[in-house]
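Hi everyone, thanks for coming.

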Amino acid sequence: MEAIANPRITCAYLNSYVGKNVIVVGKVTQLRGEEALIDADGNITAHLNREAHLLVGNGVQVIGKVNPDLSIKVLTSMDLGTGVDYNLANSVVEISHQHRSLFAYE
C-alpha cells in the first residue's frame, strides 16, 4: 500500500493544494454560522461540519479539502485551546515544504 500524508500548510500554500486534503493549524478569529475564519499566517475560510466545536480566540487544527475558491471544507477539527505556539506551527510547515522528501506528500 502506498503511503499518503496530508501536508501541513498555511494560507500562502492554499493555491498549490486545490482539490487535495491538507492540515492547517491556526487561530479562530470569527465564527459565522457554519463558517469559521482561521488565521494561519493569513485568513482562511473554513466550512465547518456538524462535529466542529470551535471557540473564537482558540487555536484549531483542521483537516480538510481545499476548494477552488481557496476555502477549506473541514473533514475533522480539533480545538487546541489558547496555548498554541503559532510560530512553531508555521516553522513546521516551512520545514516540511523545504524537505519534501522526508514526507509522503505525493
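Predicted model: local features only at pLDDT ≥ 70, side-chain atom pairs only at ≥ 80, totals over all residues.

Let's begin with strand E6, which covers residues 72–81. It pairs with strand E4, residues 43–47, in the parallel sense, over 2 bridges. If you want to find that pairing on the screen, look for His47, which stands opposite Lys73 in E6.

E6 also pairs with strand E5, residues 59–66, and here the sense is antiparallel, with 8 bridges. One place to look is Val66, whose bridge partner in E6 is Ile72. Together E5 and E6 form a hairpin, with 5 residues between them.

Leu70 is partly exposed, with a relative accessible area of 33%.

Asp41 also has a positive phi, near 60 degrees. You'll find Asp41 in the loop between strand E3, residues 35–39, and E4. Is Asp41 buried or exposed? Its relative accessible area is 55%, so Asp41 counts as exposed, the cut-off being over 50%.

Nonpolar side chains tend to be buried together in soluble globular proteins. In this model, the largest nonpolar core has 21 residues. Those with the most contacts inside it are Ile9, Val22, Val24, Leu48 and Ile72. Strand E2, residues 21–32, supplies at least two residues of this core, and so does each of E3, E4, E5 and E6.

Take Val24 as an example. Leaving aside neighbours within four places in sequence, Val24 is in contact with Ile9, Ala40, Ile44, Val60, Gln61, Val62 and Ile72.

My last stop is Asn58, in the loop between E4 and E5. Asn58 counts as buried because its relative accessibility is 11%, and the cut-off is under 20%. What does its side chain join through a polar contact? The partner is the side chain of Asp79, at 3.1 Å. Again setting aside neighbours within four places in sequence, the residues in contact with Asn58 include Gly26, Lys27, Val28 and Tyr86.

That's my tour, and I'm happy to go back to any part of it.

Conventions:
Residues numbered from 1 in each chain as written. Heavy atoms only, no water. Pairing = 2+ DSSP bridges. Helix = DSSP H or I, 4+ residues; strand = E, 2+ residues; numbered from the N terminus. Buried < 20%, exposed > 50% of the residue type's maximum accessible area, 1.4 Å probe, protein only. Core = buried A, V, L, I, M, F, W, Y, C linked by side-chain atoms within 4.5 Å. Contact = heavy atoms within 4.5 Å. Polar contact = N/O pair within 3.5 Å; in protein donor to acceptor, adjacent residues only side chain to side chain.
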